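I opened the notebook to record what I looked up in this structure, one topic at a time. The sequence and the model come first, and my entries follow.

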Amino acid sequence: GGGVHAKEIFHLRRGVNPHLEVALLSVVDLMDSTVLLVDHLIVWTEPLMLGLDGPIPNITTTVQRVSQSKASLTLTSNHLTIFVIVATSQSGQFDDNFLVLKPGSAKVVSFQSNGELDLKLLQRTLRVEHLMFYQGHQ
């Protein structure tokens with residue numbers, strides 16, 4: 001039947017600095033560890049209070065048309081990047097728009113336009129922003 005079949009308790013080390021550290025909790029399928037069930041970012045303070053002083057992430061995006069009204073965006077980053085949002089002037093919505101990008105892992109986001117997709121407008125006006133952007137690390 002359904003429900004929890006395995007549970008592993010974890011403990012944070014003593015002395016976690018809530019202004020400098022976050023935790024990323026990843027839950028994978030017990031039978032197939034390549035199947036990610038959930039990624040959950042744990043933050044102990046207000047996002048703008050985080051003292052992120054690491055390297056500025058280099059985020060790359062690839063945009064592909066899926067249908068007349070839908071596009072697929074693939075985002076990758078060379079560093080852990082939190083509170084990532086994507087925006088465009090193209091009328092429509094993203095299926096996920098509060099992302100965590102892990103180094104070396106691709107995140108695929110779908111965009112559904114309101115009407116016919118103007119792929120060039122989507123590509124030209126696409127903005128990818130993240131927490132360090134708002135902290136002045138541009």
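The entries below go from the ground rules to the sheets, the cores, the aromatic rings and the salt bridges.

**Ground rules.** I am reading a predicted model, in which local features need pLDDT of at least 70 and side-chain atom pairs count only at pLDDT 80 or more, while totals for chains, interfaces and linings use all residues. Residues are numbered from 1 along each chain as its sequence is written, and side-chain values use heavy atoms, with hydrogens and water left out.

**Four-stranded sheet.** I looked up the strands (DSSP runs of E, at least two residues, numbered from the N terminus, as are helices, which are runs of H or I of at least four). I found an open sheet of 4 strands in the order β3-β4-β8-β6, with antiparallel pairing, where two strands pair if DSSP finds at least two bridges between them. β3 and β6 are the edge strands, each pairing on one side only. Neighbouring strands here are turned by 20 degrees against each other on average, direction ignored; the axes are lines fitted to C-alpha atoms, for helices over the stretch in contact, and angles run from 0 to 180 degrees between N-to-C directions. Between β4 and β8, which run antiparallel, I noted 6 bridges, and Leu75 stands opposite Lys107 in β8.

**Three-stranded sheet.** I then turned to another open sheet, in which 3 strands follow the order β7-β5-β9 with antiparallel pairing. Its edge strands are β7 (99–101) and β9 (127–129), each with pairing on one side only, and the twist averages 40 degrees from one strand to the next. β5 (residues 81–87) and β9 are paired over 3 bridges in the antiparallel sense, and the bridge partner of Ile85 in β9 is Glu129.

**Nonpolar cores.** I read that, in soluble globular proteins, nonpolar side chains tend to be buried together. A nonpolar core is a set of buried Ala, Val, Leu, Ile, Met, Phe, Trp, Tyr and Cys residues joined through side-chain atoms within 4.5 Å, and buried means under 20% relative accessible area, exposed over 50%, partly exposed in between (1.4 Å probe, protein chains only). The largest core has 16 residues, and those with the most contacts inside it include Val63, Ala71 and Leu122. Among the elements that each supply at least two residues are β3 (59–65), β4 (70–77) and α1 (119–125), and the largest share, 3 residues, comes from β4. Apart from this core lies another, of 5 residues, among them Leu41 and Phe83.

**Aromatic pairs.** I counted rings of Phe, Tyr and Trp (its six-membered ring) as pairs if their centres lie within 6.5 Å, with planes under 30 degrees apart called stacked, over 60 edge-to-face and the rest tilted. There are 2 aromatic pairs in the structure. The ring centres of Phe94 and Phe111 are 4.8 Å apart and the planes are at 55 degrees, so this pair is tilted. Phe94 and Phe111 are both buried.

**Salt bridges.** With a side-chain nitrogen of Lys or Arg required within 4 Å of a carboxyl oxygen of Asp or Glu, the count comes to 2 salt bridges. Asp96 and Lys107 meet in one of them, at 3.5 Å from N to O. Asp96 lies in the loop between β6 (92–94) and β7, and Lys107 in β8 (residues 107–113), so the pair ties together parts that are 11 residues apart in sequence. Glu129 forms a salt bridge with Arg127, the closest N and O atoms being 3.1 Å apart; Glu129 counts as buried at 11% relative accessibility, whereas Arg127 is partly exposed at 43%.
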